[in-house]
Amino acid sequence: MGRKLRSTNLLSNLPQLQNLIKRDPRSYEEEFNQQLHHFEASLAIFELKPDEEAKEFGEIINFLSQVARCYPQKSARFPGQLIELLQKHYPVLNAELRKAIVQALILLRNRGVISNVTVMPLFFTLFRCRDKKLRSMLYSHIVNDVKVANKGKHRDHKLNKSLQSFMYTMVTAADAQDKHGEGAVAAKKSLDVCIELYRKNVWTDAKAVNVIVQACFSPINKIMVTAVQFFLNPMKKSEEGDEEDEDEPSANGESAGKTKKNRVNFMMIQHQSNINRKTKYRTRVLDKATRIRKREQARRDGQLPDEEDEDGIVSGGKKKGSSGPAVNFDALSLVHDPQGFAEKLFARVHRSATATKRGGSTADRFEVRLLLLKLISRLIGHHQLQLMAFYPFLQRYLQPHQVDVTQILALLANASHAFTPPDALQPLIRAVADNFVSDHCAPEVMCAGLNTIRAIAARQPLAVDTDLLNDLVMYRKHKDKGVMMAARSLLVLYRQINPEMLHRRDRGREATIGLISGAPGSTPLGFGEVRAAEGVEGAELLDMPSEDDDSMDELEYESALESDLDESEVEVDESDAEVEVDESDAEVDETSDDEEEAEVDGLELVSDGSEMSEDEADGSGASEVEDAEPVVKKRVDMMRFLTSEDFARIEKLKRRQRQEGSGRQPKKSKTDDGYSDYSEAEAGSDDEQTGEVDDWAILGDYHSRRRRRKATYEERMDSIRAGREGREKFSSNKAKREKEGRSLSNREKRKTKDFRMISHKRSVVTKGKRKLSQKRRELRQHITKQKKKGF
């Protein structure tokens, strides 16, 4: 009797029965059969009214999913029954019951009872449900399951192809084009899954990228903006939530509440510090809150990467511990038809910009159009596309008062490349010069205009004509440092790529020597012309001694950097090639053209004379040299593979050679302050030729985040103490007295005493009792003494 009662209690107590079955499956096989029959009967009844809550039915499903693997043969039909139930009635099912069924399927999938190919299409279909918690759970499971299936070098190609094809169908489906339809929500979540798998280096093939390309053509801005942001920064997480109905809470509600709470806390702490008594603890709390606030503001402005995720990858696209912005162009390289992609995007931007309410077409916001323009410019620059209508379209936005004008200037520079016709860029450069680079503009505006012209010229030097270039170079004498450095960087750029466009006094020593000697690379390239490389550029510099070798003799170092012409015979002013900010540049620029021509002519004569003297000195030995076969030394890149350290050393030696050629001493590199080992103007020109231009680069180093950090109190005091050394004779009398250990005299101390302390003194009392004639006599003596200035 007790055994029957215990059996009855087990049938009603499912958690206890579940525990017992996992311990001893064979002993409780009969109880499992009873629960399985009960599930099948309840399923038949439930299908008659699928919108009921059916809490007991959900408990049976949870129990069977936990113990199904203990009886694989008897529970073989159980997963198929759950999948069939969801496929038929998922829109009308109760939210809690639907979540319980999905959790049961996820559990069965994790335990290997069913395959991912069977259950994944159903999970993507369930994205259509208006249930945010369910979609979040499905999203996490799909990403993790696909990641595990493609772990390491193993790739489940069958699963990947089937899911990518299914996602392509969902993104391009007809119901996905309706903003208020269920297909739009499913397409958005499918797109998020694809982007997240790319970010985790699981789906990095062309098919996954082109699924995201199709999402860029969606009429729903939520989907389109997510896809466009992926191409602009593939490794950055999207901060936007799901598209929900008005009655549902926002996806960013939690984060928005957190941000608002942080803002209120900072304001409260700041207010308390102003009204309360100052203590060390309250000062530390205020400083910490201020640092957090500045860090969050810098992260929102794009100056700092976002917080790290669980994989050690920050959402800004950088690995843990890396430095510098990492722009990933792999996604753009995998686009099948970049020309057609860019044309379709530009057609949407142009249609939206010219749309009117009377025409019945909808116009996108300016922020959305700006994102599309960024992607178009990046496609043009990366694939070197020809989209001639893009450049006149940008001219309407080239005004200093335009919203986000720095981003527009940056995308204009990114859309320029070596195969862009100069005729298409010249009107834009002229508009930038007229609207931004003029004396009535603010220094920040002038700096942005000059940096934009330099960035375009670095990609297409023929876009700037000679007259405009020489006018812009004159701003290197501007009183504002940002404008001055921008103009100097433009000057340095053209000294390197096309010095013939500059005046003779602006070419500098190195460029002048290159033009006269006809050095390789000194002749500028024409439009569409490419100079064929014979090897790695600068590989011959690897044979030179390094600056780090302590045993290198000074004579060996000078002979390694010695050029073909003797520097002692060249009398070109060294200050012409300098890019440093000094006062000598103003004096050099005032020299006349005749003097510069005389110097260059003298340079030619000296060079010819040196050649003649060498011929005379050789004499009869010249024929012996001609008869001997020249010894050709093999290049380093022909002997071995160059490593990353070799390329870094080549760049360092190039900079050293430029500095030695211009007569400057290499600067010592400073750490923690953002200084490099060569000038800021050269650094700006080098960075613009390769890489991506952003709005911070357009603003320039002086007006942007790259300005020198503020020194701490200890550093300021150390600098003050260092400046006082050796200046004792200029110190104050007080400092001298304190150093000698003496105090003031009684007469000097009396001057600073309060009157009430000396009012009883005889001298004070007598002074007050003077006669009028005596006062007049003393006043005349004082006036006479003042006229004689104390003598």
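Biologist: Where in the chain does Ala54 lie?
Modeller: Ala54 is in the loop between α3 (29–46) and α4 (55–67). Those labels come from DSSP runs numbered from the N terminus: helices are H or I runs of at least four residues, strands are E runs of at least two. Keep in mind that this is a predicted model: local features need pLDDT of at least 70, side-chain atom pairs count only at pLDDT 80 or more, and totals for chains, interfaces and linings use all residues. Residues are numbered from 1 along each chain as its sequence is written, and side-chain values use heavy atoms, with hydrogens and water left out.

Biologist: What is the phi of Ala54?
Modeller: Start with the background: most residues other than glycine have a negative phi. Ala54 has a positive phi of about 50 degrees, although it is not a glycine. Its relative accessible area of 22% makes Ala54 partly exposed; the scale is buried under 20%, exposed over 50% and partly exposed in between, with a 1.4 Å probe and protein chains only. Asn201 isn't a glycine either, and its phi is positive at about 60 degrees. You'll find Asn201 in the loop between α10 (182–199) and α11 (206–215), partly exposed at 46% relative accessibility.

Biologist: How many helices and strands does the chain have?
Modeller: There are 38 helices and zero strands. Of the 791 residues in the chain, 39% are buried. If you take contacts (heavy atoms within 4.5 Å) between residues at least 6 apart in sequence, 69% of them join residues at least 24 apart.

Biologist: What pLDDT does the chain average?
Modeller: pLDDT is the predictor's confidence in each residue, from 0 to 100. The chain averages 76, and 73% of the residues score at least 70. Over residues 308–327 the pLDDT is below 50, yet that stretch has 36 contacts in the model beyond near neighbours in sequence. Residues 666–688 also fall below 50, with 45 such contacts. Where pLDDT is low, the predicted coordinates should not be read in detail.

Biologist: Which residues touch the most other members of the largest nonpolar core?
Modeller: The general idea first: in soluble globular proteins, nonpolar side chains tend to be buried together. A nonpolar core here is a set of buried Ala, Val, Leu, Ile, Met, Phe, Trp, Tyr and Cys residues joined through side-chain atoms within 4.5 Å. In the largest one, with 153 residues, Phe231 and Phe390 touch the most other members. Helix α17 (residues 366–383) gives the most to this core, with 10 residues. Leaving out residues up to four places away in sequence, Phe390 touches Phe346, Leu373, Ile376, Ser377, Ile380, Leu411 and Ala415.

Biologist: How many salt bridges does the count come to?
Modeller: Side chains of opposite charge can pair when their charged atoms come close. The rule is a side-chain nitrogen of Lys or Arg within 4 Å of a carboxyl oxygen of Asp or Glu, and the count comes to 16. Take Glu40 and Arg77, whose closest N and O atoms are 3.3 Å apart. Glu40 is partly exposed at 30%, while Arg77 is exposed at 56%.

Biologist: How many aromatic pairs does the structure hold?
Modeller: It holds 15. Rings of Phe, Tyr and Trp (its six-membered ring) pair if their centres lie within 6.5 Å; planes under 30 degrees apart are stacked, over 60 edge-to-face, and the rest tilted. Phe46 and Phe57 are stacked because their centres are 5.1 Å apart and their planes at 20 degrees. Phe46 is in helix α3 and Phe57 in helix α4, so this pair ties together parts 11 residues apart in sequence. Phe393 and Tyr397, at 5.7 Å and 70 degrees, are edge-to-face, and both are buried.
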